[in-house]
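Please look over the sequence and the model shown here before reading the notes, which are arranged by topic.

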Amino acid sequence: MAPISHPRLTRRTLLRGSLGLAGAVAVGAAFPARAAVDLKGKTVVFASWGGAYQDAEKASYCDPFAQMTGARVVQDGPMNVAKFRAMIESGAPDWDVADITIDFLYAGIGDKLFEKIDKSIVDTSRLDPRFVNDYGIGCIVWSYNLGYSTKAYAGKGAPTTWADVFDLKRFPGKRTLADNVVSTLEVALLADGVTPEKLYPLDVERALRKLDTIKSETIFWSTNSQSQQLFVDGEVNLGLILNGRAYDAAKKGAPIAVSWEQNIQSVDYLVVPRGSRNRDAAMHLIDVMTLPENQAKLANIIAYAPTNPAAFKGIDPQIAPWLSTAPDNVKRGFLINAEFWRDNLKKLQERWAAWKLA
Amino acid sequence: MSSSDAITAEAREGPREDRAREAGAAVRAAGRLGRSLLLLAPALLLLLVAFLGPVGWLLSRAFTQPHLGLQNFVELWERQGYLQVLWNTVAISATATPICILLGFPVAHAMTYGSPRLRRWLIFVVLIPFWTSLLVRTFATVILLQRNGPLNDIFVGLGLAAAPLPLLYNLTGLLIGAVQVLLPFVVFPLHAAMLRIDPAYMQAALTLGAGPVRAFLRVYLPLTLPGVLTGATLVFISTLGYYVTPAMLGGPRQTMIAQTIQDQIAQFGNWGMAGALSLLLLAVSGLVLLLLHLTVGLKAVAR
């Protein structure tokens, strides 16, 4: 029967259908088409870190998932460890999928905060096995980098090492570091001459003494969006920033470049909070994240490297040097020690809070 | 019936009408009270459910978490950081308050004695920021004060400063942000106090030989004191609980107690310490109100 008088065929559904088709055709060029599950009527709450990164995740994981399954995805956040724990304690978490860093993955497994990944739904064979965990699936590889203003410093005058961030003579003026004990202690010790191999366990007091030398000249950022803004406004000329956030700022016209010397690499994982009421739909969203076309899309937006090796062929070659996984960048960096942070995070966060006030 | 009974009965008899009237009045008064209570009930209920309940619950955690006892207060006392934050908070409030009074006094004065046109304008100018979202205003302050912001451009452009001044993420930025937010809280109580001052007092002082300065200091200023104290109390107590402004405009050394409470909950999930710090904040606010009551009396301020 011809659907001429079909009540549901409105201009909007027609438009949506044709957009989906266009998307499928465009993607089909590089990646095979997928069979979809029907999750109509389901709602999945997705929590992440806000700003440019969460926008990219929405476009690359959540929107394709909604399109493929008919489920609705609600964005929430920002991700916060204490909030996450409080939700689990209450027994009914508001979030179904959360983006967390590797240190919290390790800590949370011990405290039974996550649902076990359902490998009958999430096809982990697509991924580099280093990023597959029983309780979380790696989505991006990223790094803490030294960012600097190309307007303030050019060529040989540009800062290259963490020691430069602590050199007030050669690089006067305000600089920025994260208001987070993770990464800041590492950076201070590297600047003080400790090699990455000898970094862990961290000499906390030595790191804080080193930080004392630039404390009054440092602005500590609390969100990644703020770290970008500090560079965009010219409030600081150098300091610590995540590689993807630096890329996003540069893409939007800010005069910013990064050094890859001693970059500190980390991994973000998607997890399902224990007790999630939409466990199955959440697992399907994680499965959609592992698809190479979606990971490539995210990398093309914000320069965070994929965990599915097949995604690399879909990434714009111009972005390659910004990725933490570029061979040159891997060689110059090292992976953060998640075991150390799992065991010491809470204690050192308190030490950090006390240091800031002193 | 004995005679004494008869007497009592008669005694009862006499003022019966009066008693009836009194009783009627009492019933009517009780009815009025009941009706006003009924009208107050929604607000009281809201206060109970949305304010007293949660606050009491948070404060009680100071004594019950992680276990029953005073451990949170012991830690608060022994750990240097917390008392430092309390001191920061009181010192910042004590700095912001006189600045607000000094800036607000001339504004309130002009508002009281200026032309109606000027008064309208001043009320408008003072109230507009009051109606604007705190977050929006604070972001605007960030833009205004930043290193390459308009204020620094003007300073450097006019040759007043050789290099951009550090106006943000320090005490200067925090005070600028706090004072501009709190100014209405001193301007309006001062304006109200000044409206109540009979202009004849000043005229009398001047005709009796006091110079303008002396007349102002000895006659006018004391008469504005209730307004000054109301404004100062409002500013001081509001600043004690500041969160957004120090978080966005201050530096690590300007950390205030509300931020520390937030950190205890959001970073460490330590509700016990958050409750203890909240109790401390409440105690300081109470102390300020008590001092005010002892010096001038809350009634004079509430007038």
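Predicted model: local features only at pLDDT ≥ 70, side-chain atom pairs only at ≥ 80, totals over all residues.

Residues are numbered from 1 along each chain as its sequence is written, and chains are lettered from A and ligands numbered from 1 in the order in which they are written.

**Domains**

- Chain A is divided into domain 1 (37–141 + 268–314) and domain 2 (142–265 + 339–357), with bounds that come from an automatic or database domain assignment.
- The centres of these two domains of chain A, taken over C-alpha atoms, are separated by 27 Å.
- In chain A, 14 residues of domain 1 are in contact with 15 residues of domain 2, where contact is defined as C-beta atoms, placed from the backbone, lying within 7 Å.
- On the side of domain 1 of chain A that touches domain 2 of chain A, at least two residues each are supplied by α2 (51–69), α4 (102–110) and β4 (137–149) of chain A; helices (H or I, at least four residues) and strands (E, at least two) are DSSP runs, numbered from the N terminus.
- That side of domain 1 of chain A consists of 10 nonpolar, two polar and two charged residues, with Ala, Val, Leu, Ile, Met, Phe, Trp, Tyr, Cys and Pro counted as nonpolar, Asp, Glu, Lys and Arg as charged, and the others, Gly among them, as polar.
- For chain B, the assignment gives domain 1 (1–44) and domain 2 (71–302), and 52 Å separate the centres of these two domains of chain B, taken over C-alpha atoms.

**Interface between the chains**

- Between the chains, 17 residues of chain A are in contact with 15 residues of chain B.
- On the chain A side, the elements that give two or more residues are α3 (81–90), β6 (218–221) and α13 (338–357) of chain A, and α13(A) gives the most, with seven residues.
- By class, the side of chain A that touches chain B has seven nonpolar, three polar and seven charged residues.

**Nonpolar core**

- The largest nonpolar core has 156 residues, of which Val97(A) and Leu285(A) touch the most other members; such a core is a set of buried Ala, Val, Leu, Ile, Met, Phe, Trp, Tyr and Cys residues joined through C-beta atoms within 7 Å.
- Helix α8 (residues 171–195) of chain B provides the largest share of this core, 14 residues.
- Apart from neighbours within four places in sequence, Leu285(A) is in contact with Val44(A), Tyr61(A), Phe65(A) and Val97(A).

**Helix α6 of chain B**

- Thr141(B), Val142(B) and Leu145(B) are buried in α6(B), where buried means 20 or more other C-beta atoms within 10 Å of the residue's own, with C-beta atoms placed from the backbone.
- These residues cover an arc of only 105° around the axis, which puts them on the same side of α6(B); the arc is that of the directions from the helix axis to the C-beta atoms.
- The cover over the buried residues of α6(B) includes α7 (150–157), α8 and α11 (244–249) of chain B.

- Ala47(A), in strand β1 (residues 43–47) of chain A, is buried because 25 other C-beta atoms lie within 10 Å.
- Glu293(A), in helix α11 (residues 292–302) of chain A, is buried, with 22 other C-beta atoms within 10 Å.
- Glu293(A) and Lys313(A) are 20 residues apart in sequence and 9.3 Å apart in space, C-alpha to C-alpha.

Technical notes
Buried ≥ 20, exposed ≤ 12 C-beta atoms within 10 Å, placed from the backbone. Contact = placed C-beta atoms within 7 Å.
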